[in-house]
Amino acid sequence: MKTHYRIIACCCLVFLGLGIVLWLSFPRSAPNELQTITTNTNLSVNPALPAPLAAVVDPQTTTLLGAPLPPVAYPPGSIGEACEVNKFPPRVGYFDLDRETELSLENSPFDRDGKWKALKNEKCLLALERHLNPINPYLWGTEHEPQGKLSAFAFVNVDNPVTFERLFTDPVGDFALVQEVFSRPECQLGTNADPNWELHESCHADALLNYALLLRFCYGDGSHNRPRKYYEKEDNPTPEQDRSVWIQGLEAFWVRQKCKSLDPNLKLQLPLHTVLQQQIHALQVKDESKSRRQQTLIGALIDLAARLGDPTAALTQPIDHGPGDLIGIDSGNWYDEAGYKYGPFAEWFTRDFRPDDLFTKHPPSLERLYVFLELFAENLSAADGHEMKLNHDVLVQHLCSPPYVDEDTVPEPPSCREIIIELRQKPIDPAMLEWIATFEDVAMRLDVYE
């Protein structure tokens, strides 16, 4: 009997030993790994996918893709501050994500319907309006163009300049005045008729320009195709540069929203306005030269506004940006009008020193400074006596401050001071000395003389 108990005890010890060995050799999870598994029980990962691909669908990973950039110190009331652009994800790479991932980011600028979240905020809308209202539509976005080129609008100060506020103040009233213009033969200057700036007010030149630009921005591609600046990953943009692209999008959306609020009967292409279309067609300038495409209805309206004395319309120039450029409208040119022919810069197109050279930022030279001083000395006047004053600060900065477009060919361009010293040694008209002194004063005040 005792032998029987000994056998049973031995067997128990053997089984106990085997159990201990098996327990010690069995793989176990560390406590923190067990906790990770427990908190991620909602994840749906396809076990057939390799680990790196399966991790892409992790919501935590998706949120990290939209991590904000370092904040930019936007001033109070600016678009960046009011629209909380610092919270947006990086613009570079955002639209490379699939649609679902874009909208799943906690800091996506858009809601599930693809609408801007920021524009539900009255503070943001007010900041956009404050920023865009005073902008000349011709200059909108030009700060993003390559350095070295200005337009006539930057050089000249005019009374009642065209702005977005002017366009959207009374579109219905402007259109009624346009219809009135085309009911009065004396206002419809034929293609061979001389400009008549005395008709500026009675023939509503400002309303013609307002309506033409309204057509461009609201019924053309103006808000889509104004100059913009984009950045790719290889550009390594700064946080401010990256966010500037979001701000450009907010600006364009604000303009489109203003357009959507217009009376639908303002659209010129409606059958309701067939007669008016035909009347505008009759004013079109036909130019078969290779340098300029056939004028559009919008261009015809702006040229008429220039001939009737609108100062902004009289500064427009034909610029062919070519196919694929970001600046385009009406299936062709952005600046398809040629109001300059009837305005204060008309004579510049008859000289050897053309406005193209004037507006391009070349290094200072003796010939160039002499031409600038001629401009500096005069205020451009319209036929009706209204003055259009040159902006001397812009003129001097344009001539005297780098960077210049051809620095490769002129690696060490002279300063305005050097050129003026050389000019004083030439036989010049005594009146020129006064112009030089004034020019020098402005250059020194702006710290661009040396």
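Biologist: Why is cysteine 124 called buried?

Modeller: Cysteine 124 has 0% relative accessibility, and buried means under 20% relative accessible area, with over 50% called exposed and anything in between partly exposed (1.4 Å probe, protein chains only), so cysteine 124 counts as buried. This is a predicted model, in which local features need pLDDT of at least 70 and side-chain atom pairs count only at pLDDT 80 or more, while totals for chains, interfaces and linings use all residues. Residues are numbered from 1 along each chain as its sequence is written, and side-chain values use heavy atoms, with hydrogens and water left out.

Biologist: How do you know that cysteine 83 and cysteine 124 are joined by a disulfide?

Modeller: Their sulfur atoms are 2.0 Å apart, and a disulfide is defined as a pair of cysteine sulfur atoms within 2.5 Å, so this pair meets the rule. The torsion about its S-S bond is 90°, and the link is right-handed. Cysteine 83 lies in the loop between helix 5 (79–82) and helix 6 (99–104), whereas cysteine 124 is in helix 7 (residues 122–132), so the pair ties together parts that are 41 residues apart in sequence. The helices named here are DSSP runs (H or I, at least four residues), numbered from the N terminus. Cysteine 83, with a relative accessible area of 4%, is buried.

Biologist: What makes the link between cysteine 187 and cysteine 203 left-handed?

Modeller: The torsion about the S-S bond of cysteine 187 and cysteine 203 is about -75°, and therefore the disulfide is left-handed. Both of these cysteines lie in the loop between helix 10 (171–181) and helix 11 (205–218), so the bond connects parts that are 16 residues apart in sequence. Cysteine 187 is buried at a relative accessible area of 0%, and cysteine 203 is buried at 0% relative accessibility.

Biologist: Which elements does the disulfide of cysteine 218 and cysteine 259 tie together?

Modeller: The sulfur atoms of cysteine 218 and cysteine 259 are 2.0 Å apart, and the torsion of about -70° makes this disulfide left-handed. Cysteine 218 lies in helix 11 and cysteine 259 in helix 13, so the pair ties together parts that are 41 residues apart in sequence. By the distance rule the count comes to four disulfides, and, with the bonded cysteines numbered in sequence order, the pairing is 1-2, 3-4, 5-6, 7-8.

Biologist: Why is helix 17 called roughly perpendicular to helix 19?

Modeller: The axes of helix 17 (residues 366–376) and helix 19 (residues 416–424) come within 10 Å and cross at roughly 85°. Angles of 65 to 115 degrees count as roughly perpendicular, under 35 as roughly parallel, over 145 as roughly antiparallel and the rest as oblique, so the term applies to helix 17 and helix 19. The contact (heavy atoms within 4.5 Å) is made by Leu366, Leu369, Tyr370 and Leu373 of helix 17 together with Ile419, Ile420, Glu422 and Leu423 of helix 19.

Biologist: What is the place of alanine 313, and which residues does alanine 313 touch?

Modeller: Alanine 313 is in the loop between helix 15 (297–307) and helix 16 (355–359), and at 0% relative accessibility alanine 313 counts as buried. Not counting residues up to four places away in sequence, alanine 313 touches Leu209, Ile302, Ala305, Ala306, Gly339 and Tyr340.

How values were computed: Helix = DSSP H or I, 4+ residues; strand = E, 2+ residues; numbered from the N terminus. Axes fitted to C-alpha atoms, helices over the stretch in contact; angles between N-to-C directions.
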